[in-house]
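Here are my notes on the model you sent.

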Amino acid sequence: MNKMLAAVGITGALFGTALVGCSSESSGEGSGDGGKTVVELAGWGASPEEEALLKETLDAFEEKHPDIDVKHEVIADQYMDVTKTRLVGGEAADVFYLDALDAPSLINTGVLEPLNDYVTEDFDVEDFEEPLLNAFKKDDTYYGFPKDFSTLSLFYDKAAFEEAGLEGPPKTWEELSEYAEKLTVDEDGDGQPERYGLGFSKELARQFYKFQPNGAQVVDEKGKADFASEEAIQALEPIVTMYQDDKTAGLPSDAGNEWGGDMFGQGNAAMVIEGNWTIPFLEDNFSNLDFTTAELPTINGENATAAFTVAYVMNEQSEVKDAAWELISFLTGKEGMEIWTSKGFALPTRKSVAENLGYEEDPLRSSFVAGASYAQPWQAGENLPIIMTNFDNQFISALLGEQTLEEALKKAEETANKEIEAAN
Amino acid sequence: MEPAKKIDHSHDEKTAKPKKNPKKPKKFLRKSTKEGLSGYLFMSPTIFTIGVFVIIPILYALYLSFNDVQLLGGIGYEFIGLDNYTRTIDDERALIALKNTAEYVLIVVPVQTCLALLLAAALNSNIRGKNAFRIIFFLPTVTSSAVLTIIFMWMYNPDGLINNFLQFLSLPTYNWLADPNIALKSIMIMNIWATAPFFMVIYLAAMQDISDSVYEAATIDGANWWQKFIYITIPILKPVTFFVVVMGVIGTFQLFDQSYIFSGGSGGPNNSTLTIVLLIYQYAFKSLDMGYASALAVVLAIIIMVVTLIQKKFFGEEKLHD
């Protein structure tokens with residue numbers, strides 16, 4: 001009997017520890033110390049300079065709202081995967097970042113709080129750039145307000161231009177390809193240039209803006225992939241020719257770089273098409289580089305560029321919705337946005353703030369601001385993530401010459417639509 | 001006659017006992033049952049942990065694989081029978097993942113097994129400093145695979161160590177990370193290098209178990225080093241080879257972390273590093289399609305089981321130690 005007792009005792013003790021291990025600490029949502037309301041804010045990581053700027057903005061908010069405490073959390077990797085999983089588990093932050101790309105699918109699931117009832121006259125919705133605001137709108141309901149945006153511009157190396165006897169930026173894509181040829185340097189003649197004329201990114205996000213001026217589109221009205229068209233081939237042909245035949249354009253990975261900014265900074269490309277996040281990166285890491293920016297060359301005589309925007313959205317399950325709105329309305333309001341965009345890491349989505357900060361006169365940033373008026377937001381229905389993956393997968397093999405562009409686009413469209421059908 | 005009598009006697013006693021002592025059933029557990037129960041009690045923490053973290057998840061995954069699971073915006077299950085399984089047949093990415101994984105298994109398992117055997121044979125001979133070599137060879141296995149992958153990605157960079165080395169030897173260089181035809185092979189090389197030493201240790205332990213007398217007898221018969229290796233060492237190691245191959249196949253079928261880090265979770269370039277487990281991850285956490293992801297996981301489990309059974313047939317029913 002003693003043995004039995006001992007067994008029971010030991011088992012009990014072990015069970016106890018196991019169960020203690022399982023019980024989770026209750027999440028500290030709702031009210032915090034001293035009756036302060038705690039609002040959780042989640043976003044992805046950024047450079048230390050940007051983090052500091054965000055902290056400054058949040059400090060300004062807390063000063064104005066002494067009864068609200070903002071708990072800022074950075075999700076370091078796989079932001080959307082983590083956020084979606086947390087939304088399912090009811091553990092997501094009250095306010096979080098949402099890229100325009102993911103907005104349609106998340107709005108459809110109903111996990112975002114509609115914000116129409118919170119909006120006041122003072123908030124001044126009219127002040128936002130309309131295309132950017134519409135990215136987070138469905139059937140006249142706002143689900144988020146854009147915090148900032150960036151467009152794509154052409155960065156070029158002034159010294160390299162001088163060396164090649166070129167003056168000013170190329171105005172059209174035809175000119176761009178001529179310039180690229182003059183700027184490409186292949187000293188040892190092995191067909192692998194030491195410096196590419198143009199560095200570019202192969203992702204759909206960086207290519208789709210060429211579709212519209214050619215009359216092509218990414219998706220049809222039903223949200224299905226629709227880019228296997230004559231027009232889309234026309235839109236993408238120039239860059240494929242530059243990459244394959246002329247060898248005047250290269251991907252960052254061809255030069256051993258992580259991304260275009262790095263490629264440009266290290267002198268592996270004389271021109272790159274990048275967003276305004278590249279400006280502080282270049283200024284910090286390559287202070288000797290003499291560069292400037294220009295609006296993207298025209299396609300078929302039309303201006304075209306892409307716009308990437310991110311909004312603050314509210315969790316539908318939040319227990320502190322009023323305080324969460326206070327935070328959103330401050331961060332996307334005139335005061336908060338002015339602090340947040342004051343250093344030019346990202347551009348303000350409010351016209352009044354852009355005017356106040358005078359980015360239109362900034363030599364490096366004016367091209368980005370100019371682009372905002374005709375930019376196409378990076379968004380195309382709720383299936384875009386699937387479509388994007390399939391495009392990216394096939395486009396690279398077309399670039400490498402494993403299949404023709406037509407085959408690649410056809411295959412990407414078919415696979416994407418099959419997957420979309422299976423998923424619904 | 002005597003022993004028989006004794007048995008009879010004891011038998012009588014046993015059957016008689018309950019009669020003599022009718023209150024015995026109060027001690028309601030027989031000794032053996034009691035011991036068994038305390039055994040189970042001792043095991044219960046483990047049974048509990050395995051139950052919660054292994055058995056229940058497996059059963060739950062099976063259940064999920066027959067359902068269309070809606071997670072975001074209100075959790076909902078809808079029984080859809082075998083739809084998730086029939087969907088795998090039409091899923092091009094699933095086929096690509098299966099093809100990549102099979103290619104990976106078919107190349108990595110034989111190479112790492114042979115390499116492990118050769119390394120073990122080398123270290124089993126009486127070369128100088130073999131202890132130092134054992135440690136050096138084993139080091140890659142100790143390193144975390146995530147760290148290893150990141151370091152290898154630096155070395156695989158177009159301007160990295162490996163291409164520089166190849167250039168130095170005037171050999172062709174490759175775009176190890178971004179070329180769809182090469183990317184999976186880069187992972188293979190890395191993985192063979194990292195796992196072969198683990199199996200080497202297992203082979204080494206088994207080799208040191210082989211009696212010297214067998215080799216001595218062979219030497220007297222005039223066998224040379226190579227004949228001894230082929231006709232003595234390898235046949236005796238057959239059960240170990242079975243273990244090494246089975247573990248290798250299971251491990252390689254589950255390739256995930258290396259290709260995840262290599263491709264940043266996408267399985268690219270051009271789906272060339274997409275493996276089944278990576279695909280399951282993408283469906284489960286990127287598309288939040290738990291039902292289909294579970295079905296794929298069940299399919300993978302069945303494939304591994306079948307392959308293991310085939311291997312068992314191939315290697316015969318030998319036991320590890322007879």
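How many residue pairs are in polar contact across the interface of domain 1 of chain A and domain 2 of chain A? The points below start there.

1. The model is predicted. Across the interface of domain 1 and domain 2 of chain A, nine residue pairs are in polar contact, with both residues at pLDDT 80 or more. The salt-bridge count between these two domains is zero.

2. Please keep the domain bounds of chain A in view. Domain 1 covers 33-149 + 308-377, and domain 2 covers 151-306 + 380-423.

3. Next, the extent of the chain A interface. Domain 1 of chain A puts 24 residues in contact with 32 residues of domain 2 of chain A. About 2300 Å² is buried between the two, and carbon and sulfur atoms give 61% of that area. On the domain 1 side, A:Phe308, A:Phe368 and A:Gln376 lose the most area to domain 2. Together these three account for 34% of what that side buries.

4. Which elements of chain A supply at least two residues each to the side of domain 1 that touches domain 2? They are α4 (103-109), α14 (366-372) and β13 (376-377). The largest share comes from α14(A), with five residues. By residue class, this side of domain 1 of chain A divides into 15 nonpolar, six polar and three charged.

5. One residue of chain A deserves a separate look. A:Ile279 lies in helix α10, residues 278-285 of chain A. Is A:Ile279 buried or exposed? A:Ile279 counts as buried because its relative accessibility is 0%. Beyond its neighbours within four places in sequence, A:Ile279 is in contact with A:Phe155, A:Leu364, A:Arg365 and A:Phe368. A:Phe368 is also among the three domain 1 residues that lose the most area to domain 2. A:Ile279 and A:Phe345 are 66 residues apart in sequence, and their C-alpha atoms are 7.7 Å apart.

6. Now chain B. Chain B has 14 helices and two strands. Of its 322 residues, 37% count as buried. Take the contacts in chain B between residues at least 6 apart in sequence: 66% of them join residues at least 24 apart.

7. Twelve residues from domain 1 of chain B and eleven residues from domain 2 of chain B make the contact.

8. What area is buried between the two domains of chain B? The value is about 940 Å², with 63% given by carbon and sulfur atoms. B:Ser65, B:Leu71 and B:Asn84 supply 47% of the area that domain 1 of chain B buries against domain 2, more than any other three residues.

9. Polar features of the chain B interface can be listed briefly. The count of salt bridges between its two domains is zero. Eight residue pairs are in polar contact, both residues at pLDDT 80 or more.

10. On the side of domain 1 of chain B that touches domain 2, the elements giving two or more residues are α2 (31-65), β1 (67-70) and α3 (83-90). α2(B) gives the most, with four residues. This side of domain 1 of chain B divides into eight nonpolar, three polar and one charged.

Conventions
Residues are numbered from 1 along each chain as its sequence is written. Chains are lettered from A and ligands numbered from 1 in the order in which they are written. This is a predicted model: local features need pLDDT of at least 70, side-chain atom pairs count only at pLDDT 80 or more; totals for chains, interfaces and linings use all residues. Side-chain values use heavy atoms; hydrogens and water are left out. Domain bounds come from an automatic or database domain assignment. Contact means heavy atoms within 4.5 Å. Buried area is the accessible area (1.4 Å probe) that two parts lose on being put together, summed over both. A salt bridge is a side-chain nitrogen of Lys or Arg within 4 Å of a carboxyl oxygen of Asp or Glu. A polar contact is a pair of N or O atoms within 3.5 Å; within protein, one must be able to donate a hydrogen and the other to accept it, and residues adjacent in sequence count only if both atoms are side-chain atoms. Ala, Val, Leu, Ile, Met, Phe, Trp, Tyr, Cys and Pro count as nonpolar, Asp, Glu, Lys and Arg as charged, and the others, Gly among them, as polar. Buried means under 20% relative accessible area, exposed over 50%, partly exposed in between (1.4 Å probe, protein chains only).
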